[in-house]
Amino acid sequence: MIHHVDQETSSEMYNHYAPVFILSTGRAGSKFLPALLNLSPNIAAYHEPRPTLEYFSNYAYHHQQEEAILTQMINAARMESILEDYIKDKIYVESNQCLTFFAPVLARLFKKSRFVHIVRHPGDFVRSAVRKGWHKNDSIWESGRLKMTDEQQWTQMDQIERLAWLWNTTNQFIEDFKQTIAKERVAFFKLEDLSANVGSVKELLC
């Protein structure tokens, strides 16, 4: 479909379309939320569309100054998918945790984009991440997982300490990012409220 799109349409997408990106640590409803949002016929929500970018979270966090590189990465990974939903007149929503540290680039690239910050209780997050083997498994996901640059300090931390650091660092990054864009482009929810409060779910859908 998109190979027939003209340059004007592409420019309109970047300047006027409002894709939604859910920012989180992961283990915070990122699979549940697209399933919920896809109940609306106007929304096309995705958990981990390919390429998943799982290898690049740590890189993006530690290379925020490389704006041109991060922008090209996002364009290569998502431009076509987002353009397709723009043409279909659907609201593109992505909850992939790997996009969290690309948020500043996404905000500049898609000028009307919106962001939803989801926070899970740190204790619940750590327990869930431990069960999934975060910072313990040997995988591509773990290779790209956020970690300290100070390797000596990092090696002295146990799994729970590393996960607590990840929770705090990720949410602080999101909070700092939220201060750089207009308030109407950001929403905040606690996962626990979305799981138990119908009012919060209605607010998210709106």
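Predicted model: local features only at pLDDT ≥ 70, side-chain atom pairs only at ≥ 80, totals over all residues.
Student: Which hand does the crossing of H6 and H9 have?

Tutor: H6 passes H9 in a right-handed crossing.

Student: Which residues make the contact?

Tutor: From H6 come Pro122, Phe125, Val126, Ala129 and Val130. H9 supplies Gln159, Ile160, Leu163, Ala164, Leu166 and Trp167. Heavy atoms within 4.5 Å are what contact means here.

Student: How do the residues of the contact of H6 with H9 divide by class?

Tutor: Ten are nonpolar, one is polar and none is charged.

Student: Why is H1 called roughly perpendicular to H4?

Tutor: Use the angle again. H1 (residues 7-16) and H4 (residues 67-87) have axes that cross at roughly 100°. The class runs from 65 to 115 degrees. The angle falls inside it, so H1 is roughly perpendicular to H4. Their axes come within 11 Å.

Student: What meets what between H1 and H4?

Tutor: Thr9, Ser10, Glu12, Met13 and Tyr14 of H1 meet Asn75, Met79, Ile82, Leu83 and Tyr86 of H4. By class, that contact has six nonpolar, three polar and one charged residues.

Student: What makes a space a cavity and not a pocket?

Tutor: A 1.4 Å probe fits in a cavity but cannot get out, whereas a pocket is open.

Student: Which residues line the largest cavity?

Tutor: There are 15, and Thr25, Ser57, Gln97, Phe101 and Arg145 lie nearest the centre. Helix H7 (140-144) and H9 each give two or more residues to this lining. By class, the lining of the largest cavity has six nonpolar, seven polar and two charged residues.

Student: And what lines the second largest pocket?

Tutor: Again there are 15 lining residues. Arg27, Glu48, Gln97, Lys132 and Trp134 lie nearest the centre of this pocket. The pocket has a volume of about 310 Å³.

Student: How does the lining of the second largest pocket divide by class?

Tutor: Three residues are nonpolar, six polar and six charged. Arg, Glu and Lys count as charged, and Trp as nonpolar.

Terms used. Residues numbered from 1 in each chain as written. Heavy atoms only, no water. 1 Å grid on protein atoms, 1.4 Å probe; cavity = no way out; pocket = protein on both sides within 12 Å on 5 of 7 lines; lining within 4 Å. Points joined across faces, edges and corners; volume = space filled by probe spheres on them. Left-handed = near helix turned anticlockwise from the far one by under 90°. Helix = DSSP H or I, 4+ residues; strand = E, 2+ residues; numbered from the N terminus. Axes fitted to C-alpha atoms, helices over the stretch in contact; angles between N-to-C directions. Parallel < 35°, antiparallel > 145°, perpendicular 65-115°, else oblique.
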